[in-house]
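Please read it alongside the sequence and the model.

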Amino acid sequence: MSSSVASSASSAPVAKLPQKRYYRQRAHSNPMSDHCFDYPVSPQKMDWKEHYPDYEKGRTEVRFADIGCGYGGLLVQLSPLFPDKLMLGMEIRVKVSDYVKDRVKALREQNEQTGGYRNIACIRWANCGHVAKREVLQHLLSL
Ligand SMILES: C[S@@+](CC[C@H](N)C(=O)[O-])C[C@H]1O[C@@H](n2cnc3c(N)ncnc32)[C@H](O)[C@@H]1O
């Protein structure tokens, strides 16, 4: 699903935020059953530009991770507070991660003039509690 576009009173197209009701998914998710994940072998192998339009390799690295980001509430709140930090939400439920992706896309479109929300992104990542601790957090985050 992608964010749709509506017209405002001034007839300029305005990106519409996605509606949660179309992205509901029960809490249980079994990533081993019918899903396929592409895991990068290391954070350096990630194509961050795909997630952050302003990303420049070697200059800006992902600094905050929200593991189990749900519908992205924390990311959206933190984004304007730390505009220079890249933040990554990781969510196991496919519909919920789709919601966050569409939410970020719509927010970026709505805030195109200020460049807002270009520092947050979401990926679907299963069992990141185990994988991220070892492989990602120590490389990515300024801990
Ligand atoms: C309480 S919600 C998160 C709320 C969110 N941090 C916020 O501030 O709005 C917990 C989320 O973690 C996700 N989750 C649970 N286990 C996970 C795992 N192993 N990997 C990724 N996400 C997971 C759930 O699907 C759920 O959406």
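Two strands are taken to pair if DSSP finds at least two bridges between them, and helices (H or I, at least four residues) and strands (E, at least two) are DSSP runs, numbered from the N terminus. This is a predicted model, in which local features need pLDDT of at least 70, side-chain atom pairs count only at pLDDT 80 or more, and totals for chains, interfaces and linings use all residues. Residues are numbered from 1 along each chain as its sequence is written.

The secondary structure comes to four helices and five strands, which follow one another along the sequence in the pattern β-β-α-β-α-β-α-β-α. Strand S3 (residues 62-67) pairs with S4 in the parallel sense over five bridges, and within this pairing Val-62 stands opposite Leu-86 of S4. Together with H2, strands S3 and S4 make a right-handed β-α-β unit; right-handed here says that, with the strands pointing away from the viewer, the path from the first strand over the helix to the second runs clockwise.

Confidence is expressed as pLDDT, the predictor's confidence in each residue, from 0 to 100. The protein averages a pLDDT of 81, and 72% of the residues score at least 70. Among the elements, H2 has the highest mean pLDDT (98), whereas strand S1 (residues 5-7) has the lowest (54).

The ligand is surrounded by 17 residues, of which Gly-68, Gly-70, Gly-73, Leu-74 and Ile-92 are the closest; a residue is near a molecule if its C-beta atom, placed from the backbone, lies within 6 Å of it. At least two residues of this shell come from each of helix H2 (73-78), strand S4 (86-91) and helix H4 (128-140).

Tyr-117 has a positive phi of about 65 degrees although it is not a glycine. The C-alpha atoms of Tyr-23 and Tyr-71, 48 residues apart along the chain, are separated by 9.4 Å.
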